[in-house]
Amino acid sequence: MSQKNMRNIGIMAHIDAGKTTTTERILYYTGKSHRIGEVDNGNATMDWMEQEQNRGITIVSAATTCYWKDHQINIIDTPGHVDFTAEVERSLRVLDGAVAVFCAVGGVEPQSETVWHQADRYEVPRIAYINKMDRTGADFFEVIKEIREKLGAVPVPLALPIGKENDYEGNIDLLLMKEIRWNPDNQGETFTISDIAPERQELADEWRESMIDALSAYSDEMTELFLEGEDVPLELIQKVIRQETINRSIVPIFTGSSLKNKGVQPVLDAVINFLPAPDDLPPVRCHHSKKDEDMLLERDENGPLAGLIFKIQQDKEAGPLCFVRVYSGELKSGTAVMNIDKKKRERVNRLLRMHSNHHEQISSVHAGDIAVVIGMKNAQTGDTIGSEGYPIILEKMNFPDPVISVA
Ligand code: GDP
């Protein structure tokens, strides 16, 4: 799969906002829409995976791959706790974009602020999903206000809830200017689209205008059309949203209820439409260990191999599973690579791709992608693997100053 069709994302949330429920819904819908690679299970028994399987679809691995509309989405597990740890930092470092989940009742809580600012520091583009619209006390517009005031972000709602609490029905899609209702009989897999009801037209027009107005700040073409009172084409709106989300000037806002299976698929659409592909991002900051100088590495599939080991999980049968994010070049199974930090040669016995309820053996993994390496003996998280002739280090262990947690 080319880098253009790949996304590496995290799902960030204050505890209890619905990160687990939302992730499960994402894995459910993506599993339904695309079942590929379900056959090759290799020979190792993954005890921890099997246990998890009995409990249904859930995220069990540091990076789980799913597919949505011809795109590969790697969901990187972002630790829920807000302590400033190397683990949190590392998980933020390897993702290219994030979905921030907020509770429609709790809004922006102190913990969400901390996590948000950590993501700011790692320059992670974000979309936001205001969950739990079905709960008593849900207030979509109050959460928007808090995102603006407490987080200092520029929220741009692309959806509005229709009703709330027990009467939460579905959303107004402000790009299509249609109402969408998910079908409760099949876990929201299907939905109906209808015209905006007359009593909601004024509200929809108002928010649509405020969306175009906000986006016009970044596009002369849009400003011109807006001022002339002409329709702005959908393609142009989407282009500006994508560009400014990646620039981190705006945060597109979605809403729904993961528990009631409403509003999750548009978030998946937004992940592929608005969050960056690996090669949309600037070159990677790293350090050339022989020359002892900092440098920028192009995200090139044909470049020298450079991958970061960002997590190691133990498996009884297979030994250490090293999760690697490849930034440049290609990592092949059955070859030898250098652990640059340890100055040791290591063997890539096998490469695996982890899915929500199975794993798949693969022969190689390219720049932009994530895989598990089996066979490395001396690896530690934070190490770079690469080639002997090109000894660069992706992560130097001098993290930025800690963020003070107010929670
Ligand atoms: P996490 O701590 O962020 O992973 O949150 P969970 O996904 O575990 O959800 C916390 C609680 O909120 C659980 O009891 C969920 O069932 C509930 N929950 C999650 N999403 C929704 C929702 O959309 N509506 C309602 N009413 N409850 C939800």
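This is a predicted model: local features need pLDDT of at least 70, side-chain atom pairs count only at pLDDT 80 or more; totals for chains, interfaces and linings use all residues.
This briefing walks through the ligand site, the nonpolar cores and a few loop residues of the structure above. Residues are numbered from 1 along each chain as its sequence is written, and side-chain values use heavy atoms, with hydrogens and water left out.

**Ligand site**

- The ligand has 15 residues around it, and D16, K19, T20, T21 and D134 come nearest; a residue belongs here if one of its heavy atoms lies within 4 Å of the ligand.
- By class, this shell holds seven polar, five charged and three nonpolar residues; Ala, Val, Leu, Ile, Met, Phe, Trp, Tyr, Cys and Pro count as nonpolar, Asp, Glu, Lys and Arg as charged, and the others, Gly among them, as polar.
- Helix α1 (residues 19-33) supplies the largest share of the shell, three residues; helices (H or I, at least four residues) and strands (E, at least two) are DSSP runs, numbered from the N terminus.
- Polar contacts are pairs of N or O atoms within 3.5 Å.
- A backbone N or O atom of K19 sits 2.8 Å from a ligand oxygen, a side-chain N or O atom of K132 is 3.0 Å from a ligand oxygen, and a polar backbone atom of A17 is 3.3 Å from one.
- Taken alone, the ligand exposes 580 Å², of which the protein buries 74%; these areas come from the Shrake-Rupley method with a 1.4 Å probe.

**Nonpolar cores**

- A nonpolar core is a set of buried Ala, Val, Leu, Ile, Met, Phe, Trp, Tyr and Cys residues joined through side-chain atoms within 4.5 Å.
- Buried means under 20% relative accessible area, exposed over 50%, and partly exposed in between (1.4 Å probe, protein chains only).
- The largest core has 96 residues, and I73, V99, F102, I147, M211 and I237 have the most contacts inside it.
- A second, separate core of 16 residues includes V326, L331, V348 and V373.

**Loop residues**

- S258, in the loop between β11 (251-255) and α9 (265-274), counts as buried because its relative accessibility is 0%.
- Leaving out residues up to four places away in sequence, S258 touches T21, T22, R25, Y129, N131 and V264, where contact means heavy atoms within 4.5 Å.
- E165, in the loop between β7 (159-162) and β8 (170-173), is a residue other than glycine with a positive phi, near 55°.
- At a relative accessible area of 26%, E165 is partly exposed.
- M177, found in the loop between β8 and β9 (178-182), also has a positive phi near 55°.

Key. A polar contact is a pair of N or O atoms within 3.5 Å; within protein, one must be able to donate a hydrogen and the other to accept it, and residues adjacent in sequence count only if both atoms are side-chain atoms.
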